[in-house]
Amino acid sequence: MYCWKGVDNRKAMDTCRLYVERHPFATKLPGEVLGAIGNAMGFVSSLPRFSRADWIDSYNWLLKVQPLNLEPAYQYHIYQALANNLSELDLNEAANLWWNMTFMFPDTGDVSTFWRQIRSIRNFQAWIPQDTTPFHRLSFPLQPMPGGTSDGIAESEAAVSFSVYPNPVTDATTIHYEIPTTGTVSISVYDLLGNERKALISGLRDNGKYSIPLDRVGLAPGSYYVRLSYGNTVLTRKIIVGE
């Protein structure tokens, strides 16, 4: 990255992105990974003649790396970067993401920061009237925005449906998913530290709807994430295993 800095900022940014994708917290210290994310974001505005397409591409990359690690510090950094990126694309959605972060990271100091961002956006909108759509609870991870290309997520891949019901889980639950085209699908259950607790499926599947059972054997009461990978699309759903 340092070799390309100031010479070819796009290549410097791509180097940072590759580092983040290859080294989640499981293999590198959190500070190194978070620093690489910050550098990647910083290079976006340094790109020659950067445009809205560059901001969208950056936003889509953040969505791509969001499921790589489930540690709160990593997720906080990602969502913060997403909200900052959205301020260059859609002020309403930027304010909405900050609002959702008040529920995701309820620490008092953090919440006050989120609300300062919201008030700043609303004050700006008061001077230059814009649509101020009411806040809504988001379903994470977010879907990629149109216009980004380098993350390789096709529209058909972004259309995957994925749900877990019933949730919370008492004895067992069912995972429902639908894929638009034939492709390799893997589904696993992870704990909050990112450790794989159950590998449910992994292999080629035809397009269509599927349902697979998930029992609670081996899962102590608490919170977990079910992760579905399909092509370049990665979706996660939080589940709660009851007593």
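Me: Which residues touch the most other members in the largest nonpolar core?
Reply: This is a predicted model. In its largest nonpolar core, those are Val 20, Ile 37, Tyr 59, Leu 62, Tyr 74 and Leu 82. The core has 43 residues.

Me: Which helices supply at least two residues of this core?
Reply: α1 (9-22), α2 (30-44), α3 (52-65), α4 (72-86), α5 (91-104) and α6 (108-127) each do.

Me: Take Leu 82. What does Leu 82 touch, not counting residues up to four places away in sequence?
Reply: Tyr 59, Leu 62, Leu 63 and Leu 97.

Me: How many residues are in the second, separate core?
Reply: That core has 21 residues. Among them are Phe 162, Val 164, Tyr 224 and Ile 239.

Me: Now Thr 102. Where is Thr 102 found, and is Thr 102 buried or exposed?
Reply: Thr 102 belongs to helix α5. Its relative accessible area is 12%, so Thr 102 counts as buried, the cut-off being under 20%.

Me: What does the side chain of Thr 102 reach?
Reply: The backbone oxygen of Trp 99, at 2.5 Å. Beyond its neighbours within four places in sequence, Thr 102 contacts Val 111, Phe 114 and Trp 115.

Me: Switching to the sheet. What is the strand order?
Reply: β4-β3-β6-β7, an open sheet of four strands with antiparallel pairing. β4 (196-205) and β7 (233-241) are the edge strands, each pairing on one side only. From one strand to the next, the twist averages 15°.

Me: And how many bridges join β3 and β6?
Reply: Six, between β3 (residues 183-190) and β6 (residues 222-230).

Me: Which residue in β6 is the bridge partner of Val 185?
Reply: Tyr 230.

Definitions and conventions. Residues numbered from 1 in each chain as written. Predicted model: local features only at pLDDT ≥ 70, side-chain atom pairs only at ≥ 80, totals over all residues. Heavy atoms only, no water. Pairing = 2+ DSSP bridges. Axes fitted to C-alpha atoms, helices over the stretch in contact; angles between N-to-C directions. Core = buried A, V, L, I, M, F, W, Y, C linked by side-chain atoms within 4.5 Å. Buried < 20%, exposed > 50% of the residue type's maximum accessible area, 1.4 Å probe, protein only. Contact = heavy atoms within 4.5 Å. Polar contact = N/O pair within 3.5 Å; in protein donor to acceptor, adjacent residues only side chain to side chain.
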